[in-house]
Amino acid sequence: MAKAVIMPKAGITVESCIIGTWEKKVGDQIKIGDILFTYETDKASFECESTEEGTLLEIFYKDGDEVPCLVNVCAVGNPGDDCSALRPETAAKEEKAEEKSAEAPKVETAAAAPETTKSESGKTAVSPRARKLAERAGVDAADAVPTGPNGRIIERDVRELMNNPHVSAKAEASSVKESAKAEIAAEAEYEDVKFSNIRRAISKSMHASLATMAQLTHNSTFDASEILAYRKKLKASEGALSGITLGDIVLYAVSRTLHNYPDLNANMIGEDSIRLFKHVNLGVAVDTPRGLMVPTIFHADEMSLLEISLAVKELAKECREGNINPDKLSGASFTVSNLGSLGIETFTPVINPPQTGILGVCRAVDRVKKLDDGSIGIYPAMGLSLTYDHRAIDGSPASRFLKELGENLERFTTLLAE
Amino acid sequence: MPKSLFVDPAETRAPGKITFEDIPVNVYNKTVKEERKRFSDDDLVRIYRDIAILREFESMLNLIKTQGVYNGIETTYPGPAHLSIGQEAAAVGQAYLLDKNDFSFGSHRSHSEILSKALSCIQKLSEKELMDIMEGFLGGSALRATEKLGKVDDVKELAIRFILYGTLSEIFARSTGFHKGMGGSMHAFFLPFGIYPNNAIVGGSGAISTGAALFKKINGKQGIVVCNSGDGSMARGPVWEAMNFAAMDQFETLWESHKGGMPILYNVFNNSYGMGDQTRGETMGYDMLARIGSGISPTQFYAERIDGFNPLAVIDAMERKLEILRAGKGPVLLDTITYRYSGHSTSDQNAYRTKEEIDAWREVDPIITYRKSLVDAGVAADGKFEDILAEVKERMTMICKAASDPQISPYVDFKADPYVVERTMFSNEKVEKFDDREPEVSMPKEEVPAYKKIKEKSRCPIVDGQPVSKMKLFNLRDALSEVIYDRLYEDPTLIAYGEDCRDWGGAFAVYRGMMDAVPHCRLFNAPIAEAAIVGTAVGYALSGGRALVELMYADFIGCAGDEIFNQMSKWQAMSAGILKMPVVLRVSVGSKYGAQHSQDWTALCAHIPGLKVCFPATPWEAKGLMESALKGTDPVVFFESQRIYDVGEQFHEGGVPAERYEIEIGDVNKVRDGKDVTILTVGAALYRAMDAVKELSEKYGMEADVLNIHSLVPLDYTKIVESVRKTGRVVLVSDACARGSFMSEVAKNITELCFDDLDAPPVVVGARNWITPPFEFDKYFFPQASWILDAIHEKIVPLKGYTVENGCTETEQLRRLQKGV
């Protein structure tokens, strides 16, 4: 008998996902755990492993389709098995048929609850609680089998739907989208590419950032001699320590400096209040093939330099591989974006709302300065660009933060000891 | 039913006849010349001045209401003006001998009574006393407003302005009024001069003033009480109830202390009309009002008819009556003949009387005849009275101008202070005792046999794994008794009364044995007169004491409707918080006694603003709530169910604590934890709900969260909302008829507060909207455990394998609604 594989739910707030590419095609032999297709949410991309074994009999949604979570995506079974009942379209039709036949008089007592109940009016009622749960879970309450009085869909029916998803009424709408897409493709000459979920999220967030905040950027430099020398020492050492980067060193210094500037280690709440964090949760901008992602190092202020370094590497890996838990993509209290390795000397980072600040880390350039003995010396000057939300913090404290951060980096080995 | 009074068949059945003393009618016949021995010329002229002030005050109101202008001042107000133009001489005569220790209560037509009593007090008090009173009232704010009228050196003149301005701005609903404008024309009063509330309900002051007299009598306070009303009120039952209450034999025959009659004068300003009906000759049968005292007591209430058109005749009668009252021989009744020229209200077309009649009375108007008699007797020259009238008018113009001026006399600003009325609905104070003297008791509390018995009982239903026998178990009745004992021994002003409270111990034995503890004056049997029981408690409380009264059955609330719904509930706010109302009214919800003795009327009381409403269902709740109620300063209607007086404490861990504790009125008692459905209960329904809870758990695997609502008003919904948000399902159970029940109100609020969390509509399981059938058919009328399961199955979540017993489909529900059953 054919069984369905459903679109997984990739986080509590995720309602639907877009299918990336199918790794298997109809007729392929599938084992449990085989990767069937990739899919992405607005924040990350994932691989869907098969929960069933057998032949891939039918694929209900194609590459690029948006599929509600917990809805059947494909059918797996023995060749020749009937999988029509698993098709989302079929389910929608059955639902309608059931509603029509529901005009029969109501049975006085529902003897074997929770058997399906039917409404007298023919309309499907959903309790407010069931509706709210369905919204949160990203399922369509109308897909649930009603077992409440008078054909009402109640909470337990939605929970049943979440645990044993069957079919969706939304598939019809998807096929309409499909034909519209085909028409556009016939045009050629240029290509209209729909944003991926991640791109859409970045677009929305960055635009909101610039449209709603009072952002401005301060630039400064510091003498990077000490951290460059320290980094050289680390590189020469054995094991994990050798992997510590300049970026990690800056992250460490930021995590130890932010405590003195609570308004920068914060989130805006609405227009008139601010949430001050007790710990430093550092967002780290990571470049991935799908676009910019910003995973969070929680409680960075409690981690050693090595721990920070390892955490950044692990998070970046998960981002690039697209299997990061969406919960790790939010919750930051401040962000660091490092473009130094790409040769950028100064730039204007854009704040990730609702945070109040972001630090850009730039490349080091050689500069001259007067040394203590009066002679002229050359030193590596590394750039720092701080963008802050003037609604939350004023220019002077923001400048003092930059100054203190630079000083901490110039005496980094001492800072490590503190 | 005291055993000390032998009902002797021989005496009771012996022949004889009832004789009456003659009732004097207008016997006063002295001339001014003769009276000059008793009164100084100044006194005689001042009596005229006071009459003139009263006349001018109401004439001003009449002009304002009918023409919108008084002496060039354009102003008006939308409130009532029940004027007594013509009745001033009677009011001045009555007040002449009264001082601030004498309390007066009035009716809807009491402007003149208020002002005349105030003028009399101003005359009697020293300048210092007057200044202290004016400075002390509302923190001096009323005096500050009066001072804006212009500088005046004479303190008495200042006090006259103060009283006129305070009264008028109260009538005009200004914040500078004596009660911040919240009482208005029909509810103006001024306590520092002993001027107590007048009342918009005809005869409403009857029982209240009787309660004030009871307060003076029991607590040994100076002064007497005057209950003023009109002849229309003599038809009202509560007035008769009150007069009988005041005349009870037990004050002489049974009371060990504070013996003697009640210090109260029932004075009727008899203007021959009750609004438009003519009392004598049309709606009453007494021929002369003074007769009715003879129908109540052998003293005949020392009643007489006096001529209220002659102030000296009224003073003469008052002097004689005060002597009787001060000798402890009250109550007294005066039929004070007078006449009102003005209509009942300014919209009165005088359809019920002729112009000739009004003119005939105008010819003997005291403002003319009394003045003439003073001139004729040589007390003063006629010009003197012209001067007085001019002075009166000038002062009144100044007062009217100030009271109409929004700068000097602003309205309360509801926008700036939205809580202005809300703040005074309840006083929410805790008062251990209202007097410092030792409570009057018959023996130490610890020696009272019934109290000792309570103390020996087991406070837990299970001891060492064994159930405690019913006789040894501390039950809900004991919980109430225990608190009442404790409070009687703490607050010397606390008195308890009601039907059969003393020897019987209350119909349900809450007071059993308490007669050993306190003398009659603190625990006595009231007549079967619910209006008087509650009304006197109101008067007792607003005079400064604490009253615990009982109505035996909640069904009798209707008999005390006005007293509960209009008096007990409203005086705190109508006085802008000046009066307190520490009255606890115990009412018992019956069972087994059919349609008029089995009703839960909590919804009626909860509907009325100003009442706190409790209904404990467990001994732990009963003790804590009664302790709160008997320490508070607010009126509490305390429901008790006869079904559960015998229950022990089944829910509170450790049973009922022996020590004292309070449960905040407004809290909710969580009696069981569960996650699947919330069950809310009121009253004895808790125990049937618990049966349903057991079945739900054992047969259907559903765990109910059960909360008992022991306080209906106020009610903190926090725990209820928390529970419903958790379960998403709620059944509300009480023994009240479902339509308009308190549970319907709770269901409405839950729907609003928890809508998005509800998995099904809140379902109210109440009694059917019928008469209560005989006890044998209880299960068809009152909510049963199976009804709760039916409701869950049919309206909330179908129960697997459940068969509906007594269900109600939508069609059936609609049919019942359509039929009104």
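Me: What makes up the secondary structure of chain B?
Reply: In this predicted model, chain B has 30 helices and 23 strands.

Me: Why is chain B called as compact as a globular protein of that length?
Reply: The globule rule gives 28 Å for 821 residues. The radius of gyration of chain B is 30 Å, close to that value, so the chain is as compact as a globular protein of that length. The C-alpha trace of chain B spans about 100 × 70 × 50 Å along its principal axes.

Me: How many of the residues of chain B count as buried?
Reply: A residue is buried if 20 or more other C-beta atoms lie within 10 Å of its own. By that cut-off, 53% of the 821 residues of chain B count as buried.

Me: What makes residues of chain B count as in contact with chain A, and how many are there?
Reply: The C-beta atoms of two residues must lie within 7 Å. On that basis 17 residues of chain B are in contact with 17 residues of chain A. The side of chain B that touches chain A has 8 nonpolar, 3 polar and 6 charged residues.

Me: Why do β5 and β7 of chain A stand at the edges of the sheet?
Reply: The order in this open sheet of 4 strands is β5-β4-β2-β7 (chain A), with antiparallel pairing. β5 (45-49) and β7 (66-68) of chain A each have a single partner strand, so one side of each is left without a neighbour in the sheet. From one strand to the next, the twist averages 40 degrees.

Me: How do you know that β2 and β7 of chain A pair?
Reply: Pairing needs at least two bridges. Strand β2 (residues 16-22) of chain A and β7(A) have 3 bridges, in the antiparallel sense. A:Ile18 has A:Glu66 in β7(A) as its bridge partner.

Note on methods. Residues are numbered from 1 along each chain as its sequence is written. Chains are lettered from A and ligands numbered from 1 in the order in which they are written. This is a predicted model: local features need pLDDT of at least 70, side-chain atom pairs count only at pLDDT 80 or more; totals for chains, interfaces and linings use all residues. Helices (H or I, at least four residues) and strands (E, at least two) are DSSP runs, numbered from the N terminus. Axes are lines fitted to C-alpha atoms, for helices over the stretch in contact, and angles run from 0 to 180 degrees between N-to-C directions. Ala, Val, Leu, Ile, Met, Phe, Trp, Tyr, Cys and Pro count as nonpolar, Asp, Glu, Lys and Arg as charged, and the others, Gly among them, as polar. The radius of gyration is taken over C-alpha atoms; the globule rule is 2.2 Å times the number of residues to the power 0.38. A residue is buried if 20 or more other C-beta atoms lie within 10 Å of its own, exposed if 12 or fewer, and partly exposed in between; C-beta atoms are placed from the backbone.
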